[in-house]
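We will walk through a few stops together.

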Amino acid sequence: MPAASRLTRVGVFYDGNYFLHVSNYYNYSHERRSRISISGLHAFIRRQVAEEEGVNERLCQIVDAHYFRGRLNAHEANQRGNQLFYDRLFDDILMSEGVVTHYLPVKTYQGYRQEKGIDVWLALEAFELAQYKKFDVVVLITSDGDYVPLIRKLNTLGSRIMVLSWDFEFLNEQGEKQVTRTSQDLLEEVSYPVGMHGLIDDRSRRNDMVIQNLFVKQQARPTFTAVPSSTSSSGSTYSNSHSFGAGLSASDAYEEAYQPSDEPNYNLADTIDDDPEGRKVSTIRSLKTGYGFVNYPPNNLFFHYTSLIDTDFNELQVDDEVEFTVGRNAEGKDIAVDVRLLPV
């Protein structure tokens, strides 16, 4: 077969927790106010690989895609409102894009939920599949320098490596600046390093549809309560006003699937108020970029978007009534956690 007509085989491997972290940043802290679209990202990858390899984009195909992430077990997810429903919705989105999912249970260590072994699993799976399926290009969506040995091994197979990475800053649930940076060791090892943050923020690419399609199109979100509807015919209705059946679009499902409470290690207080009443009720005092404050004497309580339950930060407004639990951060300051918007 002539080289000009040979198919360029691409394998894509997601560090799922990193991807969720990036997607939450763009939805809550970036001016885009939207999540990363998997279908849009795959279209970008095809074009980027075609440009780097100097081949026709139509002959550049993603033949394998895999998503790796730690996930709450069924019991813990059931304690988080509609988390099981969200997990299933996101699985449906990944399935529709041909992405194979790989999950390990999240473990709690010294009060923090952590992923254990998922990076090793990704590395082993990527190397084995690259041997078997002979990828021309392996795309890693990660920022972790621990994948350097994997990249070196993949290079011995003749695969070129592309890394999609994002660098950004945001405020965590304690109001402290957190910096996300990609390992320089990682970038130095790969054939094609791609700084996604620079491409997304490049104003000269404002009208580039491939860049625009990296983000889920904004649509009205469905809402529901925990009370099942008596009018459901499919068992997928979670409110008296909206059915999550065949009419739910992929964009809606994707938006709903990524709940802020699903991001690990950002919704933790060192201690929780031992008040027997437990839950408090107050109103939103102010909203900033990815965080806000609740009216609560004698001082206002800080809350982070990852502290929300069954509520989207972008839907909150000043003076909205919310319920929450008072927790304390590492410095002993009171903060609001497990914040839920109350119905009007």
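Accessible areas here come from the Shrake-Rupley method with a 1.4 Å probe, and for residues only the protein chains shown count as cover. By that method the chain exposes about 16600 Å², with carbon and sulfur atoms supplying 48% of it. This is a predicted model, in which local features need pLDDT of at least 70 and side-chain atom pairs count only at pLDDT 80 or more, while totals for chains, interfaces and linings use all residues. Residues are numbered from 1 along each chain as its sequence is written, and side-chain values use heavy atoms, with hydrogens and water left out.

**The whole chain**

Switch to a cartoon view. You will find 10 helices and 16 strands; these are DSSP runs numbered from the N terminus, helices being H or I of at least four residues and strands E of at least two. Of the 344 residues, 48% are buried (under 20% relative accessible area; exposed is over 50%, partly exposed in between, with a 1.4 Å probe and protein chains only). Among contacts (heavy atoms within 4.5 Å) with a separation of 6 or more, 69% join residues 24 or more positions apart.

**Stop one: Ile141**

Select residues 137-141, which make up strand β6, and pick out Ile141. Is Ile141 buried or exposed? With a relative accessible area of 0%, Ile141 is buried. Now show what touches Ile141: leaving aside neighbours within four places in sequence, the contacts include Val12, Phe13, Leu41, Leu164 and Trp166. Tyr18 is another contact of Ile141; the two are 123 residues apart in sequence, yet their C-alpha atoms are 7.8 Å apart in space.

**Stop two: aromatic rings**

Show the side chains of Phe, Tyr and Trp. The structure holds 17 aromatic pairs (ring centres within 6.5 Å, using the six-membered ring of Trp; planes under 30 degrees apart are stacked, over 60 edge-to-face, the rest tilted). Select Tyr25 and Tyr26: this pair is edge-to-face, 5.0 Å centre to centre with 75° between the planes. Tyr25 is buried at 13% relative accessible area, and Tyr26 is buried at 1%.

Next, select Tyr291 and Phe293. Their ring centres are 6.1 Å apart and their planes are at 80°, so this pair is edge-to-face. Tyr291 is buried at 16%, whereas Phe293 is partly exposed at 26%.

Select Tyr14, Phe19, Tyr67, Phe90 and Tyr103, which ring pairs link into a cluster.
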